[in-house]
Amino acid sequence: MLISINQSDGTPMYFQLVRQIKHLIATGRMGPGDELPSVRALAQQLLVNPNTVVRAYRELETAGLIYTRRGAGCYVAEKPVPYSDAECRRILSERIDALVAESRNLGYDLERVVALLRERNSALGTAPKAEGNEEKPHEQL
Amino acid sequence: MSNCESDAVIEVSGLSRSFGRKEALRDVSLRVKRGQVFGLVGENGAGKTTLIQHLLGAYQAKTGSVRVFGINPVYDPTAVLGRIGYLSEDRDLPRWMRVRELMRYTQAFYPNWDPAFAEKLREEFSLPADAKIGTLSRGELARAGLLAALAHRPELLLLDEPSSGLDAVARQHILAAVVRTVAEEGRTVVFSSHLLEEVERVADHVAMIHEGRVVLDMGMDEVKARHRKFILRAKEAGRALPKLPGVIHAVGDGREWSVVCEGEEGAFVHAAQAAGCEVIESAVPTLEAIFVARATA
């Protein structure tokens, strides 16, 4: 499991873990039944306090994304819930805010940014891994 | 002197210490609980080492009291030191010994020394058994010191500036040992450092010492939750920063300010806006930023 901690990011470390594991699950890089590293192993790999990992796992368990088998570790839940619409909006808004700020600095008006967005979207072709993740937001619309 | 098994491994209260006219510690009170990773931060000369020396019983408390495992370390040093693994800042190991000899020599002091574990650590730390201590690199020397501090599986690991003067790889070894000590064995770790990113990563409690005084003493989560850093922009330039609640430290050029403060975000933002400032940015500061703010306040 590839996770990294960025300390200059203002986000608390446990939350960075939660976000990245959610992302791994949502993008299908971790599937149902996959085992997560033990608290000890992940703490040692990332060089963080074990409590930070415990807290992240607890949060993921509460969210129904993972489950703990007594004495046998943590696993990705059978039907992991993909990102909710609100979560998708939150994630994208963060990126979009940065994009808008940068565009303003460069004197690029919104119409040109949107046109460029379309242009880049077609240049990238169809998204390969997005199937599982696209269903839920549509259901909610 | 009872060997009290409360949840406090270390209890320091009202400790003051002067060297000549220099006040090294002033009314220091701290409590380290079992299983905690306790980070002691402060600039060089802030009093961290003096405090650690009191915990080891090297200095006697003249004002205030020091208890480690409920015992005064000055009165019963063997009872205390046998349960502590200590890595000193200057890693004063006998230079003429070979690594193997250092292991045997250190073993003699600790009834709980685990030779198999010591050997495992030696291999993990890639320390050649035949190498003379005097010929080791700084990183190897730190690892040798760490081996000597860990191999009796101490209840309390006390590291004085374990990362000072080490490169990134050697620092990772030290951090990994700290994490493993708590993760695998549930032991208590106290370490002093001026490298705040390290403390932020592994400590769950932090105490800041500045000019001999404790200026902050709280859980890492609480530290992060209670402080915020704002970038403010005044509507009119060239004025002083208006009076705002909870400001610890502010720097600015009369138009924009970077402010570290303690307290609730909403209340601060309201006050700033009411005072004619726009809040451009609001973020959780790094431990480093909090420390600098508190030390220069």
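Helices (H or I, at least four residues) and strands (E, at least two) are DSSP runs, numbered from the N terminus. With that in hand, let us walk through the structure. It is a predicted model, in which local features need pLDDT of at least 70 and side-chain atom pairs count only at pLDDT 80 or more, while totals for chains, interfaces and linings use all residues. Residues are numbered from 1 along each chain as its sequence is written, and chains are lettered from A and ligands numbered from 1 in the order in which they are written.

We start with chain A. Its secondary structure comes to six helices and two strands, and from the N terminus on the order is α-α-α-β-β-α-α-α. Find helix 1 of chain A, residues 13-26: its 14 residues reach 20 Å from the first C-alpha to the last, close to the 20 Å expected at 1.5 Å a residue (the expected span is 1.5 Å times one less than the number of residues). After this helix comes A:Gly28, with a positive phi near 80°.

Which residues of helix 1 of chain A are buried? Among them are A:Tyr14, A:Leu17, A:Val18, A:Ile21 and A:Ile25. Here a residue is buried if 20 or more other C-beta atoms lie within 10 Å of its own, exposed if 12 or fewer, and partly exposed in between, with C-beta atoms placed from the backbone. Of the 141 residues in chain A, 20% are buried.

Now look at where the chains meet. Two residues are in contact if their C-beta atoms, placed from the backbone, lie within 7 Å. By that rule, 12 residues of chain A are in contact with 19 residues of chain B. On the chain B side, helix 6 (168-185) and helix 7 (196-202) are the elements that give two or more residues, and helix 6 of chain B gives the most, with eight.

Two strands pair if DSSP finds at least two bridges between them. In general, strands of a sheet pair through backbone hydrogen bonds, either parallel or antiparallel. Strand 6 (residues 156-160) and strand 7 (residues 188-193) of chain B run parallel and are joined by five bridges; B:Leu156, for instance, has B:Thr188 in strand 7 as its bridge partner.

Let us stop at one residue of the sheet. B:Gly85 lies in strand 5 of chain B. Why does B:Gly85 count as buried? Because B:Gly85 has 25 C-beta neighbours inside 10 Å. Leaving aside neighbours within four places in sequence, the contacts of B:Gly85 include B:Ala149, B:Pro154 and B:Leu158.

Finally, turn to the nonpolar core. Such a core is a set of buried Ala, Val, Leu, Ile, Met, Phe, Trp, Tyr and Cys residues joined through C-beta atoms within 7 Å. The largest one has 104 residues, and those with the most contacts inside it are B:Ala144, B:Val178, B:Val190 and B:Val206. Not counting residues up to four places away in sequence, B:Val178 touches B:Val37, B:Val189, B:Phe191 and B:Val202. In soluble globular proteins, nonpolar side chains tend to be buried together.
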